[in-house]
Amino acid sequence: MWVKRDDLTGLGVGGNKARKLEFLCGEALQLGADCLVTVGAGQSNHCRMTAAAGARLGLETHLVLSGTAPDTLVGNQLLAHLFGAHLHFTGAPASHWGALEIARETLTEELAADGLRPHSIPIGGSTAVGALGYVAAFVEIMQQCEGLEFAPKSIVFTSSSGGTHAGLVAGRALWRSLGHAVPDVVAIGVAKGVVAGMPDVADLAAQTLALLGESGVVPADIEIDTRWLGDDYAVPSVAGDDAVRWAARHGGWVVDRTYSGKGLAGLLGNAADGRWGTDDDVVFIHTGGLPAVFAPGGLPS
Ligand SMILES: *Cc1c(COP(=O)(O)O)cnc(C)c1O
């Protein structure tokens with residue numbers, strides 16, 4: 001098992017959203033935007049990293065969040081505030097993605113009416129432009145594996161809004177079309193369903209490839225293992241918590257209870273089911289999630 005440390009991408013203490021934001025912010029600058037708007041659950045890593053990107057680029061950043069304003073900001077919210085973002089609490093429950101997206105659209109319209117030029121980014125930054133970050137990541141991973149002289153059997157990672165998954169699937173189709181052998185891309189799903197109106201992963205992967213003038217995603221390319229979600233998004237699970245402890249005690253690395261812990265539980269569970277032989281190399285993409293560990297209930301006791 002190899003770990004691709006996308007928790008260490010560097011922007012605003014790291015995580016997978018840096019790769020999407022590289023392209024999403026490029027799009028914002030190209031369109032002449034003067035502020036960023038995005039949306040997520042109360043402890044959204046994507047929102048915190050968008051705030052960091054806004055600070056880097058000198059763009060005012062507005063975050064639409066689930067829940068109500070806490071007395072004390074902690075975890076991702078504290079960092080987002082430190083990065084200078086405006087936090088807008090909607091009161092909506094965390095997994096009411098549809099209501100949150102409507103609140104983002106309303107805020108975007110209000111900012112535009114005030115004379116600003118907002119670049120509005122959907123949940124998780126999972127547009128085709130954002131997913132380009134994980135096309136590049138797929139190629140980077142394959143080249144690093146080549147350098148280390150192994151061919152991975154599978155790439156496993158945590159999936160929620162689907163942009164990471166779509167980008168990896170698009171990257172894999174591109175790599176395959178160039179004549180390379182490709183690993184399985186195995187998404188471990190940690191959120192129920194997708195936002196109404198959001199393209200599904202196969203469509204999003206196809207749209208992402210189309211931006212590069214390519215095609216070739218087939219339905220069989222999409223694999224989502226949903227057995228590790230537990231009761232719901234952001235509700236800790238026994239298997240996820242076991243994976244949090246396993247990572248900590250087998251090498252001193254930290255995964256969180258909402259995302260990377262459940263993703264790792266999926267990898268460990270598939271390994272226990274005999275999916276891979278002892279000679280197989282498997283890459284786990286650590287997508288991040290560290291700040292939420294410092295919010296109440298962030299770690300198992
Ligand atoms: C956003 C996120 C994911 C899921 O990525 P998507 O592209 O939204 O599916 C996984 N892990 C962490 C820590 C995240 O913040």
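The model is predicted, and local features need pLDDT of at least 70, side-chain atom pairs count only at pLDDT 80 or more, and totals for chains, interfaces and linings use all residues. Residues are numbered from 1 along each chain as its sequence is written, and side-chain values use heavy atoms, with hydrogens and water left out.

The ligand is surrounded by 16 residues, and the closest are K17, K20, S161, T164 and T287. A residue is near a molecule or strand if one of its heavy atoms lies within 4 Å of it. The side chain of T164 has an N or O atom 2.7 Å from an oxygen atom of the ligand. For G162 a backbone N or O atom lies 2.9 Å from an oxygen atom of the ligand, and for N45 an N or O atom in the side chain is 3.0 Å from one. Taken alone, the ligand exposes 380 Å², and the protein buries 99% of that. Accessible areas come from the Shrake-Rupley method with a 1.4 Å probe, and for residues only the protein chains shown count as cover.

The space taken by the ligand is the second largest cavity. A cavity is found on a 1 Å grid over the protein atoms alone, as a set of points where a 1.4 Å probe fits but cannot get out. A molecule sits in a cavity if more than half of its atoms lie within 2 Å of its grid points. The elements that give two or more residues to the shell around the ligand are α1 (17-30), β6 and α6 (163-177). Helices (H or I, at least four residues) and strands (E, at least two) are DSSP runs, numbered from the N terminus.

T158 lies in strand β6. T158 counts as buried because its relative accessibility is 5%; buried means under 20% relative accessible area, exposed over 50%, and partly exposed in between (1.4 Å probe, protein chains only). Leaving aside neighbours within four places in sequence, T158 is in contact (heavy atoms within 4.5 Å) with I188, V190, Y259, S260, G263 and T287. A polar atom of the T158 side chain lies 3.2 Å from the backbone oxygen of Y259. T158 and D225 are 67 residues apart in sequence, and their C-alpha atoms are 9.7 Å apart in space.

S44 is placed in the loop between β2 (35-40) and α2. S44 counts as buried because its relative accessibility is 7%. The side chain of S44 reaches two backbone nitrogens: that of C47 at 2.8 Å and that of H46 at 3.2 Å.

H46 belongs to helix α2 (residues 45-57). At 3% relative accessibility, H46 is also counted as buried. The side chains of H46 and T38 make a polar contact at 2.8 Å. A polar contact is a pair of N or O atoms within 3.5 Å; within protein, one must be able to donate a hydrogen and the other to accept it, and residues adjacent in sequence count only if both atoms are side-chain atoms. Not counting residues up to four places away in sequence, H46 touches K17, L21, T38, V39, I121, P122, G124 and G125.

R56 also lies in helix α2. With 68% relative accessibility, R56 counts as exposed. R56 and V169 are 113 residues apart in sequence and 30 Å apart in space, C-alpha to C-alpha.

Most residues other than glycine have a negative phi. E149 is not a glycine, yet has a positive phi of about 60°. E149 is found in the loop between α5 (128-147) and β6 (154-159), and is exposed, with a relative accessible area of 73%. A234, which is not a glycine either, has a positive phi of about 65°. The loop that holds A234 runs between β8 (224-225) and α8 (238-249). At 35% relative accessibility, A234 counts as partly exposed.

How values were computed: On a 1 Å grid over the protein atoms alone, a cavity is a set of points where a 1.4 Å probe fits but cannot get out, and a pocket is an open set with protein on both sides within 12 Å along at least five of seven lines; lining residues have an atom within 4 Å of a point.
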